[in-house]
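Let's take a walk through this fold together. Have the sequence and the model open side by side as you read.

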Amino acid sequence: MLKGKDGVVKFGTPAAALGAVQNWNVDEQSDTVSGWGMGDEYENTFTTIKRWSGSVEVYLDFADSSDDLAIGDEIAVELYPGGESSGSGYFSGNVIVTGLARGSAKDGIPNLNINFRNQGALVKA
């Protein structure tokens, strides 16, 4: 059983772990087209171009490598849902940083949300 508390996120080459990761997500999608012919009762749908995007939320830390990221950076990313132990799967690929959102609340810890979009395929290992 994977435990989210053991998760790891790495950015860059060589890959370096980001500190104080709170959560991450990856969303895979595909465009579709539909077609049908005369006499067909139902349409058929086919996938076309694929894409993926995601985000990582970390605590804002000006000493962490996450603070060095800039919009437009093209970097490698590795996302480990249950840690790096042997046999634990992970996702990897190249991305472009599309957004950096920083925030804070009077009763919370300042955070940084890193948004990215694919530069090629998402690899599941």
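Start with strands β1 and β2 (residues 16-17), which pair in the antiparallel sense over 2 bridges. Strands here are DSSP runs of E at least two residues long, helices are runs of H or I of at least four, and both are numbered from the N terminus; two strands pair if DSSP finds at least two bridges between them. This is a predicted model, so to speak: local features need pLDDT of at least 70, side-chain atom pairs count only at pLDDT 80 or more, and totals for chains, interfaces and linings use all residues. Residues are numbered from 1 along each chain as its sequence is written, and side-chain values use heavy atoms, with hydrogens and water left out.

Now look at which way the β1 side chains go. In a regular strand the side chains alternate between the two faces of the sheet. In β1, V8 and K10 point one way and V9 and F11 the other way, and all of them are buried. Buried means under 20% relative accessible area, exposed means over 50%, and partly exposed is in between (1.4 Å probe, protein chains only).

K10 has a relative accessible area of 15%, so K10 counts as buried. What does the side chain of K10 make a polar contact with? The partner is the side chain of E84, at 2.6 Å. A polar contact is a pair of N or O atoms within 3.5 Å; within protein, one must be able to donate a hydrogen and the other to accept it, and residues adjacent in sequence count only if both atoms are side-chain atoms. Not counting residues up to four places away in sequence, K10 touches A15, A16, A17, A76, V77, E78, Y80 and E84, where contact means heavy atoms within 4.5 Å.

Zoom out for a moment. The chain has 0 helices and 8 strands. Strand β3 (residues 21-35) and β4 pair in the antiparallel sense over 13 bridges, with S55 in β4 as the bridge partner of N25. On to β7: 7 bridges join β4 to β7, again antiparallel, and S53 has R117 in β7 as its bridge partner.

What sits inside? The largest nonpolar core has 17 residues, and those with the most contacts inside it are F11, L18, V56, I114 and F116. Such a core is a set of buried Ala, Val, Leu, Ile, Met, Phe, Trp, Tyr and Cys residues joined through side-chain atoms within 4.5 Å. The elements that give two or more residues to this core are β1 (8-11), β4, β5, β6 and β7.

For the aromatics, a search of the whole structure finds 4 pairs. The rings of W52 and F116 have centres 6.3 Å apart and planes at 75°, so the pair is edge-to-face. Rings of Phe, Tyr and Trp (its six-membered ring) pair if their centres lie within 6.5 Å; planes under 30 degrees apart count as stacked, over 60 as edge-to-face and the rest as tilted. W52 lies in strand β4 and F116 in strand β7 (residues 111-118), so the pair ties together parts that are 64 residues apart in sequence. Both W52 and F116 are buried. The rings of Y80 and Y90 have centres 4.6 Å apart and planes at 25°, so this pair is stacked. F11, W52 and F116 form one aromatic cluster.

Finally, find S66 in the loop between β4 (44-59) and β5 (74-80). At 2% relative accessibility, S66 counts as buried. The side chains of S66 and D64 are joined by a polar contact of 2.8 Å. Leaving aside neighbours within four places in sequence, S66 is in contact with L18, V58, L112 and I114.
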